[in-house]
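Consider the model shown below.

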Amino acid sequence: MADIKSAYRRLAKLYHPDLNPGSRQSEEKFKEILDAYTILSDDELRAQYDRKRKLGSSFTGAYTAPPHNATPAEKKREAPRKEYPPEYIEMMRQRNRTRIVKQIQRRKKLLRGMIVTFVLYLIATAVFESYIHENDLNTTVATAQKEKRDSINTTDVIHNMDSPYDSVFGPGISTWLSPNQLVVINPFTDAVVCLVQSEPPHRTIRNEFIHAETFFHMKDLPNGSYMVKVYTGMTWNGAIKVPDGRVLGGFSTKERFFSIQREPVVLVKPTYANPNTRTSDTVKIDTSAGNIRVLTREEFFMTGDTL
C-alpha cells in the first residue's frame, strides 16, 4: 500500500490540473490516476480488478461468476466475494477525491503558515539586530561625549555641539528617532545655547556650544514647550570657574548672559490622532534685535526659573 500511495503522489504532482492549467490531456490523465488509486487502495475493489484482469475481461465494478473451467480452489475463493454496483464504486471514487482535496488544502495551509512564521522570524531578527546596533552606537557616542566634557576641564579646545555644563544642568535629554529639532543660527560670537522647559520644573534639557558664523540642529528633542537662554563671548578658557566654584570653562572676554524673549518653542511629533503638529523651529542669536533679557552669571547657571 505504501508503494501505491507513493506512486499516486508522484504522478499526481505531474498531472494535477492545478499544476497544468488548461491542459485537457493532464486532466484526463489525472482522472485515470485517481480511478486507479481508488481501486487499488480498496482491498475488495482491487481483488475484483485482479480477478477480471486475470480472466481477461474488462473491469465493470460488478461481480460475475467464475468460468465453468475454474478450479475448485478458484471457485471457493470467488464464493464469498461481494458484488459492488457501479453506484457504490462511484461513491467510493468521490469520497477519495474529497479526501485528497482536503489533504491538499491542509498542506497548503501548513505551507502558508510556515512561510508567514519564517517571514516574521526574519523581521524580528532584523529589528533586534537594529536595536543592538543602535544601542552600541548610542553607548559609543555617549562615551565620546563624556570624554569631550572631561577634556574641557583641562584644555581650551571646544567644538560645536560640545556640552560643557552637563554637570550643572544634568545630562542632555533626548528622545531617540524624535523628529523634533531646533535650528540655531549664530552669526556673531561663540555661544553656549541652553534649551529650557517653559513650564515647571523649568529644567535645562540641553546646553550646547556653537561657534560664531555657524548654525546647527539641536535634534531628537522630546515633546514640550521651551525657552532659550544664551551665554556668549570670545576666547574659550577651560580654566574658568562657574558660580559654584567648579572649573568647567567659560569665555575670557566679552561675556554676556541673556534669554531670548519670544513665544515658547512648542515641539510635538505627529501622531495618528493628531497629525498636524510642529516638529521644527528656528532661533537666531542676535543681541541687537532688542528681544533679549539680560541675565546675571548666577541667573544663567541657576537650574530653576530665570527666564
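Valine 127 is exposed, at a relative accessible area of 52%, because exposed means over 50%, buried under 20% and partly exposed in between, with a 1.4 Å probe and protein chains only. The model is predicted: local features need pLDDT of at least 70 and side-chain atom pairs pLDDT 80 or more, while totals for chains, interfaces and linings use all residues. Residues are numbered from 1 along each chain as its sequence is written, and side-chain values use heavy atoms, without hydrogens and water.

Valine 127 belongs to helix H5 (residues 86-152); helices are DSSP runs of H or I with at least four residues, strands runs of E with at least two, numbered from the N terminus. Together with Leu111, Ile115, Val116, Val119, Leu120 and Ile123, Val127 makes a nonpolar surface patch of about 630 Å².

The protein chain has seven helices and eight strands. Five of the strands form an open sheet with antiparallel pairing, in the order S3-S2-S5-S6-S8; two strands pair if DSSP finds at least two bridges between them. Strand S3 (204-210) and strand S8 (292-294) are the edges, each pairing on one side only. Within the sheet, strand S2 (residues 190-197) and strand S5 (residues 224-237) are joined in the antiparallel sense over eight bridges. Valine 192 stands opposite tyrosine 231 in S5.

Of the 307 residues in the protein chain, 31% count as buried. Among its contacts (heavy atoms within 4.5 Å) with a separation of 6 or more, 67% come from residues 24 or more positions apart.

Note on methods. Patch = residues over 30% accessible without salt bridge, like charges linked within 9 Å, V, L, I, M, F, W, Y side chains within 5 Å. Areas by Shrake-Rupley, 256 points an atom, 1.4 Å probe, with all protein chains shown as cover. Salt bridge = Lys/Arg side-chain N within 4 Å of Asp/Glu carboxyl O.
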